[in-house]
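Grab your viewer and work through them in order.

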Amino acid sequence: MPGRPTFKRLPRAVREQQMLDAAVRVFSRRGFHEASMDEIADEAGISKPMVYAYLGSKDDLFRACVNREGTRLLESIVAVVADDLPADEQLWRGLRGFFGFVGAHRDGWAVLYRQARSGQPYDLATLRTRIVEVVAGMLRSAVESQSRQARDEDLTASAYALVGAAESIADWLADHPEADPDRSAARLMNFSWLGARQLLQGELWQPSSA
């Protein structure tokens, strides 16, 4: 008689990551409301009770996905930006890290930017605020390297503008697998840094009618 099927025993941490990988793929395809625990379990190749036992309800599972992908995104930026680099190199590396994450984890970006922001009860403000703080820190270093001072509110507003532009380009990148993440970073770098460099030199725009 055929024996009962056996499953390879894996460390809990490895099994949880497999479940999260499967859940991210399903949530990115279906959205939070349409995704089912049955489909997530099938995607992971495990039983539904095991998903509940390891990661809790669908709400808990989605929150775990958002937390993991958000942490990965932030780490991809912070890991490549060193304080001793010139200001333009810091920004360039940060943008490459950001778009590199999106290119490598398109499903993760979809969960973060589309699903978690579309009415789901998950607050991404903390993650976005942290990214803005990192960018504002880069801008502050750039200003101070020119022996100039900038107001906190100007730096924060500029950081929000840059992060917003990066998010929009990243959302486009996620839908175009053929696109090069580094080229996306270069586009935004050219758009933002040329203006920032003039600002560092003390040039300010004035309306022609002034």
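Buried means under 20% relative accessible area, exposed means over 50%, and partly exposed is in between (1.4 Å probe, protein chains only). This is a predicted model: local features need pLDDT of at least 70, side-chain atom pairs count only at pLDDT 80 or more, and totals for chains, interfaces and linings use all residues. Residues are numbered from 1 along each chain as its sequence is written, and side-chain values use heavy atoms, leaving out hydrogens and water.

**Exercise 1.** Decide whether Phe98 is buried or exposed, then do likewise for Trp109.

Solution. Phe98 has 7% relative accessibility, so Phe98 counts as buried. Trp109 comes in at 2%, so Trp109 is buried too.

**Exercise 2.** Work out the geometry of the Phe27 and Phe62 pair, and say what the pair ties together.

Solution. Start with the rule: rings of Phe, Tyr and Trp (its six-membered ring) pair if their centres lie within 6.5 Å, with planes under 30 degrees apart stacked, over 60 edge-to-face and the rest tilted. Phe27 and Phe62 sit 4.8 Å centre to centre with 90 degrees between the planes, making them edge-to-face. Helices here are DSSP runs (H or I, at least four residues), numbered from the N terminus. Finally, both Phe27 and Phe62 are buried.

**Exercise 3.** Classify the pair Phe98 and Trp109.

Solution. Their ring centres are 5.7 Å apart and the planes are at 85 degrees, so this pair is edge-to-face.

Key: Helix = DSSP H or I, 4+ residues; strand = E, 2+ residues; numbered from the N terminus.
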